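Please brief me on the ligand sites in the model below. Keep it short and give the cut-offs.

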Amino acid sequence: MFKDTDITLILKSIQFAAHKHRDQLRKDGQTPYINHPIEVAEVLWVEGKVRDPRLIAAAILHDTIEDTETTPDELRGLFGQKILSWVQEVTDDKSLSKAKRKHMQVIHAPTASKGAKQIKIADKICNIRDLIRRPPAKWHVDRKQEYLTWSDQVVEGLHGCNQLLEVSYEKTMARAWSNIK
Ligand code: NDP
Ligand code: ZN
C-alpha cells in the first residue's frame, strides 16, 4: 500500500517538472510539454503495473535534464541519488550531434538498469502514440517511418525489463505501421 511519503514524492515531482517545462510545447506545436512525462508515468503505472513510487517520479522527471536547465545537483538534492541515476540514464548527451545521440541510444539500451529500461520503453510507447495522434508539425510519412524503425532498434536492447510494457509497445507499433503510410 502507498504511504503518505510516496504520494508526496509523486506530487512534488509533478510540481517540479511542470514548473521546469512551463514554457515548452511538444513538437506538434500545441500540447503542453508536461503532458508527455505525466503520460509516461501513467503508462508505467497502468500498463506496466510498476509500483515503485521512485520509478514513477523518475518518469515524471525524465526529460528535465535533457530539455530544461535542470542540473543533476538539483535533482539529487530534491529527489535523491536513485531517482537522479534513472533520469541520467535516459538523458541524451546534448554535446553530440542528433544522429550520434540516436546511435548512442541503440548502443546504451542493453546496458541500462531495469528501471531505466522501463522508463525508456514507456517513453517510446508514448512518443509513437504521439506520432499517430499529434505528430510533430511538418513530419512527413518518411520521417515518421524512420522514427519507428529507429525506435525498434532501441527497444531491441530493452527486452526482458517488463513483459507487460513490451506487449503494449508491440501493439502500439503495429497500430503505428498501419496508420502511418
Ligand atoms: P527526433 O527524432 O529526436 O524527434 C523525436 C523526439 O521528439 C521524440 O523522441 C520525443 O522525444 C520528442 N517529441 C516531441 N514532441 C513529439 C511528438 N508530438 N511526437 C513524437 N515525438 C515528439 O527529431 P530531431 O528533430 O531531434 O531529429 C533527430 C534526427 O532526425 C536526426 O538525427 C536526423 O538525422 C533526423 N532527421 C530526419 C529528417 C527526415 O526527413 N528524414 C529530417 C531531419 C532530421 P522526448 O520524449 O525526448 O521529448
Ligand atoms: Zn520523453
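An N or O atom in the side chain of Arg-143 is 2.9 Å from an oxygen atom of ligand 1, a polar contact (a pair of N or O atoms within 3.5 Å). The model is predicted: local features need pLDDT of at least 70, side-chain atom pairs count only at pLDDT 80 or more, and totals for chains, interfaces and linings use all residues. Residues are numbered from 1 along each chain as its sequence is written, ligands are numbered from 1 in the order written, and side-chain values use heavy atoms, without hydrogens and water.

**Ligand 1: contacts and burial**
- Arg-26 places a polar side-chain atom 2.7 Å from an oxygen atom of ligand 1.
- Lys-102 also has a polar side-chain atom 2.7 Å from an oxygen atom of ligand 1.
- Taken alone, ligand 1 exposes 920 Å², and the protein buries 72% of that (Shrake-Rupley method, 1.4 Å probe).

**Ligand 1: shell**
- The shell holds 20 residues, each with a heavy atom within 4 Å.
- Among the closest are Lys-27, Arg-134 and Tyr-147.
- By class, the shell has 12 charged residues, 6 nonpolar and 2 polar (charged: Asp, Glu, Lys and Arg; nonpolar: Ala, Val, Leu, Ile, Met, Phe, Trp, Tyr, Cys and Pro; polar: the others, Gly among them).
- Helix 8 gives the largest share, 4 residues (helices are DSSP runs, H or I, of at least four residues).

**Zinc ion (ligand 2)**
- The protein donors are His-36 (NE2), His-62 (NE2), Asp-63 (OD) and Asp-123 (OD), 2.1 to 2.5 Å from the zinc ion (donors: N, O and S atoms within 2.8 Å of the metal, or 3.2 Å for Na, K and Ca; water is not among the atoms, so sites may look incomplete).
- Their sequence spacing is H-x25-H-D-x59-D.
- His-36 lies in helix 2 (residues 35–47) and Asp-63 in the loop between helix 3 (53–60) and helix 4 (64–67), so the pair ties together parts 27 residues apart in sequence.

How values were computed:
Polar contact = N/O pair within 3.5 Å; in protein donor to acceptor, adjacent residues only side chain to side chain. Helix = DSSP H or I, 4+ residues; strand = E, 2+ residues; numbered from the N terminus.
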